[in-house]
Amino acid sequence: MHGLINRAIQCFVRDTYGEEIWMDVARGVALDASGFEAMLFYDDALTDQVLGGIVSLLNKPRDEVLEDIGTYLVSHPNAEALRRLLRFGGVDFMEFLHSLDDLPDRARMAVSDLELPRLELHDDRDSCLHLHVRSDRDGFGPVMLGVLRTMADDYGALVFLDLRHRGPGDDVIYIALVETAFAEGRSFTLSAGKG
Amino acid sequence: MEQVSEAAIRGLMDVLCPMYAMLDANGVIRHAGPTLCKLRPQRRLAGLPLLDVFDLTRPRLSRFSQLVECPGEKLHLQFADDPKTALKGVLMPCGPVTILNLSFGISVLDSIRDYDLTNADFAATDMMIEMLYLIEAKSAAMEASRKLNMRLQGAKIAAEEQAFTDTLTGLKNRRAMDHILARLIGAGQAFALMHLDLDFFKAVNDTMGHAAGDHVLQRVARIMVEEVRKDDTVARVGGDEFVLILTGIQKRETLSRIASRLIARLEKPIHYGGQDCRVSASLGIVLSVDYDPPVARDMLEDADEALYSSKRQGRARHSFHVE
């Protein structure tokens, strides 16, 4: 798994639960204290062990932890760069949703060896959208659920989301868009460092 | 095809390339596109001569009549007033009017900040938003790589330092000494090399234990560092063997004085665990100026020989290889 993903998990634990908890997780998998390097590559099994460690330390269901990671990624000040990159996807939540199909390619443009799950947005015509999240690795569905929930807030849209797990590495998120401009949302300007 | 109205052209241009000026035959702005207007919010551009608003920097023309002679050519302009944002442009006649289409050059990042531009200020087909995305994404990735490089460099320096340091005493080790000798010889710098061997150290180790021995070595190391200048080198090259490299000293009297003072200080009892440890030192000294050319191995061998001659003469003394 790419260091960026591992590093994101590490930062999530550190920024949300504190350094001590992260040290506990790291010790449990014999990772040295500085943890993951964002620009290196790690064995997939290590990511699973780290996640397993977090799940048992926090005593929370795995899907809930993964969703929290998704929320963290687009809401914590330390991950602001990522929120900004996603906001480039569209001027409103609908456009953002439609930009998700391109997300893996966009990510690869910035970091050529970063593999994200394949995302496909389907439009049912009955006002319900669904986003297919597929990957060789299981667990991206709940993460995307957290990302979508938080990005909807970021855009000020009111949505209902529902995750269905269809098989290993195969999830669908049902999206009912109630209102695109429900609340103010957070600001976004094209110029970095201005919000 | 029927005549297209000016209003239709405006409508088209406002959407397809919103940063433009529509000019009349005299080069007066009839209409400015919405994004161009945003660059000068305090000023009504319509009605002003183009060349009052902009300076043409390439080609350097000052009259509009010259400018209309080069349709389709790439133009470089900048605002005549502050902020003097530089723009690229291309001019094309269109029926009775002339269209000057504009775009930001490489200064686009500053412009977006200065004028607070948004997605809506760029045509839907404009690649600018993708470009901004890429700039941010690449900068973030570059920053992550840069941090990794810095951490790796820090680790490398620490590892190198460790590789060149004797862990017990903090002195340089043999490997570091080899490097320093090679560097001095390579640079043709004159230096003296002292090979120092502790006397009676084995007795301390045997009778008082290794902890006492280690303490003595650390104390001895500190004395040697104190007795030489900052740029000189003290290396531990064996259990109780040391090499001192003193640069720029060629006088035997000076070296003799240093050696005697060193021995005198090393002979002072070293307290450890309520007991006094007593050692002394024998030295062999060589000078690089006695060699042509100096060779590290020869110098070390000769210093060693001089050291053993000190030992043979009864220890606690120094000898020069070439008296």
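How much area do chain B and chain A bury between them? In this predicted model, the two chains bury about 1,800 Å² between them, and 65% of it lies on carbon and sulfur atoms.

**Figure 1. The interface of chain B and chain A.** Here 20 residues of chain B are in contact with 18 residues of chain A. On the chain B side, B:Tyr133, B:Glu136 and B:Leu148 lose the most area to chain A, together 35% of what that side buries.

Figure 2. Two salt bridges are found across the interface of chain B and chain A. The side chains of B:Glu136 and A:Arg84 form a salt bridge, with 2.5 Å from N to O.

**Figure 3. The side of chain B that touches chain A.** Helix H5 (108–115) and helix H6 (128–163) of chain B each supply at least two residues of this side. Helix H6 of chain B gives the most, with 13 residues. By class, this side of chain B has 11 nonpolar, three polar and six charged residues.

**Figure 4. The largest nonpolar core.** This core has 93 residues, and those with the most contacts inside it are A:Leu131, A:Leu148, A:Ile175 and B:Leu36. Helix H8 of chain A (residues 140–155) gives the most to this core, with nine residues. Another core, of 34 residues, lies apart from the largest one; among its residues are B:Met194, B:Val204, B:Ile263 and B:Ile270.

**Figure 5. Surroundings of B:Leu36.** Leaving out residues up to four places away in sequence, B:Leu36 touches B:Pro18, B:Met19, B:Tyr20, B:Ala21, B:Leu45, B:Phe54, B:Phe79 and B:Leu102. In soluble globular proteins, nonpolar side chains tend to be buried together.

Definitions and conventions. Residues are numbered from 1 along each chain as its sequence is written. Chains are lettered from A and ligands numbered from 1 in the order in which they are written. This is a predicted model: local features need pLDDT of at least 70, side-chain atom pairs count only at pLDDT 80 or more; totals for chains, interfaces and linings use all residues. Side-chain values use heavy atoms; hydrogens and water are left out. A nonpolar core is a set of buried Ala, Val, Leu, Ile, Met, Phe, Trp, Tyr and Cys residues joined through side-chain atoms within 4.5 Å. Buried means under 20% relative accessible area, exposed over 50%, partly exposed in between (1.4 Å probe, protein chains only). Helices (H or I, at least four residues) and strands (E, at least two) are DSSP runs, numbered from the N terminus. Contact means heavy atoms within 4.5 Å. Buried area is the accessible area (1.4 Å probe) that two parts lose on being put together, summed over both. A salt bridge is a side-chain nitrogen of Lys or Arg within 4 Å of a carboxyl oxygen of Asp or Glu. Ala, Val, Leu, Ile, Met, Phe, Trp, Tyr, Cys and Pro count as nonpolar, Asp, Glu, Lys and Arg as charged, and the others, Gly among them, as polar.
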